[in-house]
Amino acid sequence: MDSQELDALRSVLSRVVAFGNGKGGSLKTTLSSNVAGLAADSGMRVLVVDLDPQGNMSEDLGLTQVGQDKDAGESLYEAIARRKTLVPSHPNVRENLDLVGADSTNTEALVSWLQANMLRDEDAVYALARALQPIADQYSLIVLDLPPGQEQLIRVALAAARYLIIPTQADISSLKGMELMGQRFAKARANDNPDLELLGVAAVCIPEAAKVLRNETVAAIHRSFGGEAPVFGTIVRHAAVPATDARNRGLLVHELETFVPSQAETFARLRQRAAGSQVERAVSSTAVKLASDFAGITEEIFAAIAKREAAA
Amino acid sequence: MNEKLPPSGGLPPRHLEQVFTPPAKRSENLQRILSAVPPAKARVVPAQDPAPSVEAEADAAPATIEEVKTEPTESSRPDPVDRAAPLPGGSDARKMIIVYMPASQREWLRKAAVGSTQLYVVLSAVDQVERAGKLAEAIAKAQQPDTSGLFVLPQTTRGGSTNVQVSLWALESHIKVLDDLVSKYAAPSRSALVRAALAYKQHHRH
């Protein structure tokens, strides 16, 4: 592809945001699903493309029932390898939210296809961009959830994306994963996609009370990037109970918080328990705080995109 | 003490419910921050075909077949730049087409497109070979089986499995012209037509 053709492709894919970290379990799927869900809830049409063979995005969006995530990943494989039109495997998983799901079998096949084709055709790196191009104008935002490994998939994703967000936890393994993603970002910008921008690093899963750890993590992120790194001001707190509840129930956190009982309901439950009744565990009130964190970081992400679009 | 206990003044009601209640909709601020329509989408379909000038093509191409253009009908035919211009009414959208060609031809195309575009080189080649009245011959030649080896290898639609893909962003009018020529000369495919035109141009540099 020459530069003119790439320009045309990139102008269509101006709101493709990739979430990636070189380490698994760094909250990238949870962050990307919640950002996408909030964007859809605000009225935007959103497409989520799950590129992680674990397919956890389907669970975050509630497709956990038997058969609901069947054939996830096939549509992406067909679109890339057979050049068929990309069709969301799960349209309208929420109002305004479509999902292209993933599973291990199809992702493996896709990786094999990319391995073979990227050797003989340098344009194969734009396979995902080309697959997204015909449907991109239907969406206000396209979210890519990257796998931690699978270099070929990460490369085609970064070639299609306009922005990259790296979530990281405070531990050294996550920070190493962040650095690895930073190296991939630099490589992608140099070779495949000079328009790709690091929108920010999101510090996640750090307890609210751990002020020192929060500051140390932000300092470590800055050090890794050799000075000042774009770090989002909102730090998503560690809240294991609501995070687990959200995934287990197939709800996004802002949806889960609506099930937090009121004070009157809480007292009623206490009375029932005191009377010896079996009472199901209530949704933790921490869900409200966690939902607030996700809303805050989504607002920051939107503001950062709006700022760049205004400057363009 | 029969006096009634005076009512307590207390604090006046402040209606502080909203302090403890989460916002009705977590996403309500998002609509104000970012427009639902990316501004870049307005730039998807250019109003004018940004094909480079003829001078740029002359500078970029390793060779031309200007000497072949000797037929009197030449002047009456549109220049490829004109042909690439949007159709009246401005409804000529761009589409990506894929053509398959040998890796060596792709390399030649890439070099020929320096300072220009691959699309321009392809359209220019097709146009020039057609003007020279050699397109039918070129297509037929390209379809001839290779008899240089021990076996006569069968021809495939893509011309062999060693072909590579080349993506071109063409206007619909470009595609229509290419497809009309495919029909006119009964070429096996659009790729076969392009391969034949490029091969002819490659082999008739001087």
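Biologist: How many helices and strands does chain A have?
Modeller: The model is a predicted one. In chain A, secondary structure comprises 13 helices and 8 strands.

Biologist: What percentage of the residues in chain A are buried?
Modeller: Chain A has 312 residues. Burial here requires a relative accessible area under 20%. The buried residues of chain A amount to 58%.

Biologist: In what pattern do the elements of chain B follow one another along the sequence?
Modeller: Chain B has 9 helices and 2 strands. Of its 206 residues, 38% are buried. Read along the sequence, the elements of chain B give α-α-α-α-β-α-α-α-β-α-α.

Biologist: Which residues have the most contacts inside the largest nonpolar core?
Modeller: In soluble globular proteins, nonpolar side chains tend to be buried together. The largest nonpolar core in this model holds 62 residues. Those with the most contacts inside this core are Leu128(A), Leu132(A) and Leu144(A).

Biologist: Which helix supplies the largest share of this core?
Modeller: The largest share consists of 7 residues. Their source is the element spanning residues 151-160 of chain A, namely helix 7.

Biologist: Which residues does Leu132(A) contact, leaving aside neighbours within four places in sequence?
Modeller: Contact means heavy atoms within 4.5 Å. With those neighbours set aside, the partners of Leu132(A) are Leu13(A), Leu47(A), Val49(A), Leu86(A), Ile142(A), Leu144(A) and Ala160(A).

Biologist: Is helix 7 of chain A roughly parallel or oblique to helix 8 of chain A?
Modeller: Helix 8 of chain A covers residues 172-191, and its axis lies 10 Å from that of helix 7 of chain A. The two helices pack at an angle of about 55 degrees. Angles under 35 degrees count as roughly parallel, and those from 65 to 115 as roughly perpendicular. The angle therefore makes helix 7 of chain A, relative to helix 8 of chain A, oblique.

Biologist: Is Asp293(A) buried or exposed?
Modeller: Asp293(A) belongs to helix 13 of chain A, residues 286-311. Beyond four places in sequence, Asp293(A) touches Thr234(A), Ile235(A), Val236(A) and Arg237(A). Because its relative accessible area is 7% and the limit is under 20%, Asp293(A) counts as buried.

Key: Residues numbered from 1 in each chain as written. Chains lettered and ligands numbered in written order. Predicted model: local features only at pLDDT ≥ 70, side-chain atom pairs only at ≥ 80, totals over all residues. Heavy atoms only, no water. Core = buried A, V, L, I, M, F, W, Y, C linked by side-chain atoms within 4.5 Å. Buried < 20%, exposed > 50% of the residue type's maximum accessible area, 1.4 Å probe, protein only. Helix = DSSP H or I, 4+ residues; strand = E, 2+ residues; numbered from the N terminus. Axes fitted to C-alpha atoms, helices over the stretch in contact; angles between N-to-C directions. Parallel < 35°, antiparallel > 145°, perpendicular 65-115°, else oblique.
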